[in-house]
Amino acid sequence: MTTNRPVADLSADVLVLGAGIVGVSTAYYLAKRGKSVVVVDQLPGPALDTSFANGGQISVCHAEPWASPDAPLKVLKWLMHEDSPLLFRPRLDPMQWWWLVSWLAECRPARFKQNTLDILKLATLSRTKIQEIRADESLVYDHKTLGILHFFRSQKAFDGALPMVELMAQFGCERQLVDRQRILEIEPALAGAASEIVGGTYTAEDESGDAHQFTVELTKVCERMGVRFLYNHQVVKLDAEMGRVTGVDLRNLTDASYRTLKAGHYVMAMGSFSQALLAPLGVRPNIYPAKGYSVTIPIAGHNGAPTVSLTDDAYKIVYTRLGDRLRVAGTAELSGYSRDINRVRAEALLNRTREVFPSAGNFAEATFWTGLRPTTPSNLPYLGRSPLTNLSLNAGHGTLGWTMGPGSGYLLAEAIVAGDPRTTLI
Ligand SMILES: Cc1cc2nc3c(=O)[nH]c(=O)nc-3n(C[C@H](O)[C@H](O)[C@H](O)COP(=O)(O)OP(=O)(O)OC[C@H]3O[C@@H](n4cnc5c(N)ncnc54)[C@H](O)[C@@H]3O)c2cc1C
């Protein structure tokens, strides 16, 4: 999927901008409903940006947003510590400060509760859609349906987990409190770290899998349904007149030529880069990149890697087995659009993995990656919501784009088909 096949006819009912998990899911559901669709991306294939090497968790029942009543204090404590789970680097960037102030507002208890409920609704729908797609299209993406286990290293943190267990139960999501013995039954590979674990929460219905593989496979299904993909084409401008988008200007990154594509409807699904292209139209979603890291460790021939997807709450690190690889992901850096790898933060992920699972795999062959989570203050995406009559947004899925992406694609496609694509869908 790395070549750019010639696309003869590019007229379409819908032009989707961005071929990440969100854009491809949207294209899939539009095509299923009979729409002709073109998807544009600046990279040479699908899911090569933020959807490429994420934590792999479809964490519906652990879907609470970062913006919670106790988050500001935690963030203050972590501030400026080079190896903390969240790193804030202040910049002379009004977007960054607007995001931060809005995020503080979302930390209020009532907002936190409402956001959790809304995320849970979207994430639950999305998990059902992932299961349907898996069955209908026979997709293979190193998935597991063994649940997700969070473990805590301090009694205080474990005790603090109870209110969320109760809140999730109110919303119909079963999150069990589990003691150390039960944790080791669920994931025996944690035995070496048992003395440091005081308890955990387990959500049996949650899943995991490789978002990149899923998106690549779904792209093939889309192509079979007639969706056309135009890679290596960068969106440089959205043209608009009288409250409508009239075309999208593209730069061919292979030969530096320009072209304009026109469609009946346009979907913005460019993750962290949606904002910049929308601003000239007066559309200003509050999406800011939160850089995250992942390390992928080959585990074939080793027997110490976990099988169940895990989260180490103290360090906010996720462990997910993807076939013969262990994906370890975490950390958030609010520091602009750079994807540079900070060795301290990357090594911290690898070192923690070595401590907890010393015989997990071949650490010397680990590969590092960073991605920019398209984060909104509430952690809810912009879905629909556009002042232009033939433009819809599907961007800002933050920490949960794999969990919420297919559901978002479904909801937006249904709204476009129903002729009501601009309302706030969630
Ligand atoms: C370290 C890390 C761990 C994560 N773990 C999880 C997890 O366990 N579970 C979970 O649910 N989520 C997780 N996420 C979040 C998830 O990966 C993202 O929310 C999701 O990938 C966003 O998908 P997207 O399609 O919106 O964006 P992207 O995948 O970034 O897709 C946007 C596309 O737009 C294209 N594009 C951008 N600009 C232009 C332009 N000018 N012209 C043309 N194309 C353009 C890009 O090339 C890209 O392909 C994690 C993220 C990170 C970074």
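Reply: Of the 43 residues around the ligand, G20, G55, G271, G292 and G401 come nearest; a residue counts as near if its C-beta atom, placed from the backbone, lies within 6 Å. The model is predicted: local features need pLDDT of at least 70 and side-chain atom pairs pLDDT 80 or more, whereas totals for chains, interfaces and linings use all residues. Residue numbers start from 1 along each chain as its sequence is written.

By class, the shell comprises 18 nonpolar, 22 polar and three charged residues; here Ala, Val, Leu, Ile, Met, Phe, Trp, Tyr, Cys and Pro are nonpolar, Asp, Glu, Lys and Arg charged, and the others, Gly among them, polar. At least two shell residues come from each of α1, β10 (233–241), β14 (288–298), β18 (367–375) and α11, and α11 gives the largest share, four residues. Helices (H or I, at least four residues) and strands (E, at least two) are DSSP runs, numbered from the N terminus.

Helix α1 (residues 21–32) also packs against helix α11 (residues 401–417) at about 35°, with axes 8 Å apart; axes are lines fitted to C-alpha atoms, for helices over the stretch in contact, and angles run from 0 to 180 degrees between N-to-C directions. Their contact includes I21 and Y29 of α1 and W402 and I416 of α11, where contact requires C-beta atoms, placed from the backbone, within 7 Å.

Methods
Contact = placed C-beta atoms within 7 Å.
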